[in-house]
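I opened the notebook to look up a few residues and some helix pairs. The entries follow in the order of looking.

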Amino acid sequence: MHLKFPIITGLFLSLLLCLWAAPANAQDSVDVRTGAHADYSRLVFEWSNVPSYEVDQQGDSLMINFAKEATPNMSGINTQGLSNIGTVSVASPAGEPLVVKVRVAPESKLRHFKIGKRIIVDVYNGAGEPMRDASASTSKSLPQSSPKKKEQPSVPVANPPTQTTLAQKNLNEADKVVAPTSSLSTKAKVEMPALPMVKVQGAPLVGDQPHVITLSSTKNVGMVAFERSGYLWIVLDDPSLKVAPVISGPSADKFPKFERFDLNGGVAYRMRQPDGFFYYAEGGGQLWRLIVTPNARRSNPVRVETMHNEDMSGGSLTWAMNNTGRVLTLNDPLVGDNISLVLVTDSGQYAGAGRNYVELRTLDSFVGLALVPKASDLKLEAMSTEVEAKRTQGLALSPKRDTAPVELKADVQDIVEEEKADPDYVEEEVSQSRIYNFGRWEMGGDGVLEKNTRVLMIGLGDKEGGAKIEDLLTIAKLDLANGRGHEALGILSLVQEELKGIEETPEFLSLRGAANVISGKPDAAIKDLSVDSLKKFGEIKYWKAMALAGLEDWKQANDNLNSDFTIIDEYPKHIREKVALTLAEVSLRNARIDEAEDLLSLIDSDDVRLSLSKKSAWKYLMGELYLQLGDDEKALEYWKKLSNGEDDYYRAKAGLSLTKLQLDNQKITPAKAVDRLEGLRYVWRGDELETLINYRLGEVYIENDDYMKGLSVLRNAISLSPESEMAREVTDFMSQNFRDLFTEERLAEVSPLDSLQVYEEFKELTPAGKEGDLFVLKLAQRLADADLLGRASALLEYQLKSRLQGADALTGAIRLSAIRLLDNKPEMALDALDIAQNALGQARNAGGDYSAQARQIKLLRARALSKSNQINDALQELSSLSNGEDVLRLRADIAWEGKRWPQAAQAFGTLIQQDAVSTTQPPSNYEADLILNRAIALNLAGDRVSLDNWRQKYDAAMKQSNKAQLFDLITRQRTLGMVNNKDTITNLVSEVDMFGDFLQRYQKGN
């Protein structure tokens, strides 16, 4: 039993109280319908806003108590066809929460759960019959205030196939397939309901408008038209016809060409079927028209009846077909077997959808009848009012099993028509259209799986052609429905060898796609499941979502996830568990909590047969569900147990989630988190989980400013699955943190050498363009600030050679020359200035004013020349510049270094004059240095007169500074030439560096 697990939080309780207290004028309408299934009867309540509910069983009464008042619409109930549900009635008075009473057989076993907006109650087969009150006609006596769903045209459909195999005629009584079968009817004659027309598949879609295939003759011509193996066949009983069928319509030229085959007594034409069309015949005799349309129409094929011998030893099949013509035989060049054909002269005579019998198989026929005999003595006789198929000893027939439609169909209309026969079918839910019938394919499940397989394999010995293909496909379906994906793939590969071209059909691709999903081959699965011809099946989306989850493409998996999981609940246990767990993870990864809860409720976690891996997966996802619901303690409870469990995969996965949650809640330290995560790296290797563990470990390192370790671990994480979505996420995370490091705030928190090491190790993360250039300039500045001038120069030089151009190269070269001057490498500074000069020319050619940069180049070149003892060249470089402060200070420096004292004195004098230094007020340290330095230059120049005047002018001001004694010493008359104080003056001269702070500004980019 799959019970909905309780997840009740404070918010949920509040909501529940609100639901109970809902006013009458807010009353909901709930649609109620029934459904018949092989092992149980189903009651479905569809709400607009699902309430909580309770189910209480007392004897033969089942009470369903809803926590909300509602008006039920019972028009969808039909208990006459249900074996386990009797009368359904409302047991609650008006104005109170809805209570529904259901009559069931005593001691019936139940299952109830919520999926999406539905509450579903299943009553399983048991002893006894439920009570059916004659006075309580559920569809009339109960309230029906809600509008009915749109009624669909009444289209007769075949009874759904049961779980029997197609190979029973090969079995003796003691060794037959152990699977549920239907009893043979005791009636001598059973009329089978008509089948719908079938939409063809094959060639690419050629348009969305109707087309017409026309055949005309001067005399009456009999015809049969049918479909097989992706081909449309048209057979005529006049071998003298020379004109092939003519196709007309807006895209007629895009249809495949007809191939002609001459027969004994007729002629056949074959065309590869275009996708997306239905076929309907009109006319007959001299003029035949086959309508090819994308729009399904109602069909009305002839009746097929089974006639049993009186002793029930066998029987025959008859089709109520008039206006029949010849019976011809066609050898199928693709399969290699013979097809028996009954031609007709009236388009209203056709057999319809194909059926499978023990000794024969009818094909999808749009005109007449086409069948494939499986027995050599099968006779097909066309009479005036019917067509009969028989054998001497009679055909082996049973109403439900042997008259089932052919299993392998790719037609959405056929699937939809089958669903319309099911009371659970809702027209609006096209997304629930099915292609898999796992319940039938399972054939009894594990207990008889090996025996069923053995019997079917034995039966293959005397099969050939289409019959062999059918049985192989039955075995593949048997394996698939019982969760044996690898075995199914092996059988499907044999089918592919036996019938070339079948791998292009949507039916085959759907089977192989599902088998690949179950076998853990998502890359192969997604190719099969993504073909256009499968898009019309809503069920395929579930399997595509699983394949995409296997490829770790969680976003696209989410895009393929429907919110109605009724189909999944009806899957066999092996399939249901795998599908529900995978899709629950997809839901949780995309914060679809309600869907995840619905899916996890489909797993019976107390089932002793549930494997360790699936039970561990369920517990892990339950922890994630509670985390998203805000119940951290409940999540921790699940994950703590798993982190010490026996399943290595979920031990690592739970340990990872547990560590992250405890770290986020500050229940463990970062150091403890690192220890745990380092250990988890060795618990599980391979796939996305190892990538994720490394991802989380790298995050913790970076959050604690260990960028080198963090980025190294993250790089390793990417290498584990470089093409995955997770790897792309890790790459984005690395790039963002690399960017963050080189912001001014973060860069100051990391040592210069560590930041340089990170850059050199992960420079490939440097963004392109100006943003990346700015990273390097900031790092170079950080290194220069720390006096790591050589490292800073190397960085800038690399930038100039590999990245910087135009104006950016000009700025970088100027900064590089300043840093090299600070590093006392004037020759290398001159090399950088040559680069700057070239960049200046390129920048000017591109337009713009670069006069400031041109001035900077001249100043730095003058400085570099002076440091290289090229004093005259240095002064000449400055001669073309106006006397700004920077030029005067540099000129003073150069003259001073070259012992050109008169020029130095003149430069200092001009600076002092420009600054208007007071002769009476106390000077600043900078002003005192200027006054003192000019005095030294005048002294060393031997200019006694100017020195005396200088002393008189600034004596009063200098006496108020800390340079008073030095100024007095240098300006005394007796110290002219400084002969007696050589050491002192030498020290003073060597300390002068008027241009040094200007270089610092260039180095910092100011």
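**Entry 1: E504.** I listed the contacts of E504, leaving aside its neighbours within four places in sequence, and found R272 and L509. The model is a predicted one. I then looked up where E504 sits: it lies in the loop between α6 (485-498) and α7 (506-518). Is E504 buried or exposed? Its relative accessible area is 53%. The cut-off for exposed is over 50%, so E504 counts as exposed. I also took a C-alpha to C-alpha distance, from E504 to D528. It came to 9.4 Å, for a pair 24 residues apart in sequence.

**Entry 2: α7 and α8.** L509, a contact of E504, took me on to the α7 side of a helix pair. I checked α7 against helix α8, which covers residues 522-529. Their axes come within 8 Å and cross at roughly 155 degrees. Angles over 145 degrees count as roughly antiparallel, so α7 is roughly antiparallel to α8. I noted the crossing of the two as left-handed. Which residues of α7 meet α8? I wrote down L509, S510, R512, G513, A514, N516 and V517. On the α8 side they meet P522, A524, A525, D528 and L529. Sorted by class, the contact of α7 with α8 has 7 nonpolar, 3 polar and 2 charged residues.

**Entry 3: α28 and α29.** I moved on to helix α28 (residues 871-878) and helix α29 (residues 885-897). The axes come within 10 Å, and the crossing angle is roughly 165 degrees. I therefore put the pair down as roughly antiparallel. α28 passes α29 in a left-handed crossing. From α28, I871, A874, L875 and L878 make the contact. From α29, the residues are V887, L890, R891 and I894. By class I read 7 nonpolar, no polar and 1 charged residues for this contact.

**Entry 4: α31 and α32.** Next I took helix α31 (residues 925-941) with helix α32 (residues 944-958). They pack at an angle of about 160 degrees, and their axes are 10 Å apart. That angle makes α31 roughly antiparallel to α32. Here I again wrote left-handed for the crossing, now of α31 and α32. In α31 I found A928, I931, R934, A935, L938 and N939. They meet S946, L947, W950, Y954 and M958 in α32. The class tally for the contact of α31 with α32 is 8 nonpolar, 2 polar and 1 charged residues.

**Entry 5: R728.** I went back to single residues. R728 has its place in helix α20, residues 725-741. How does R728 count by accessibility? Its relative accessibility is 40%, so it is partly exposed. I also looked up R728 with I718. The two are 10 residues apart in sequence and 7.8 Å apart in space, C-alpha to C-alpha.

**Entry 6: whole chain.** The chain has 35 helices and 26 strands. Of its 1006 residues, 54% count as buried. The accessible surface comes to about 44,100 Å², and 47% of it belongs to carbon and sulfur atoms. I then took the contacts between residues at least 6 apart in sequence. Of these, 66% join residues at least 24 apart.

Methods: Residues numbered from 1 in each chain as written. Predicted model: local features only at pLDDT ≥ 70, side-chain atom pairs only at ≥ 80, totals over all residues. Heavy atoms only, no water. Helix = DSSP H or I, 4+ residues; strand = E, 2+ residues; numbered from the N terminus. Buried < 20%, exposed > 50% of the residue type's maximum accessible area, 1.4 Å probe, protein only. Contact = heavy atoms within 4.5 Å. Areas by Shrake-Rupley, 256 points an atom, 1.4 Å probe, with all protein chains shown as cover. Axes fitted to C-alpha atoms, helices over the stretch in contact; angles between N-to-C directions. Parallel < 35°, antiparallel > 145°, perpendicular 65-115°, else oblique. Left-handed = near helix turned anticlockwise from the far one by under 90°. Nonpolar A, V, L, I, M, F, W, Y, C, P; charged D, E, K, R; others polar.
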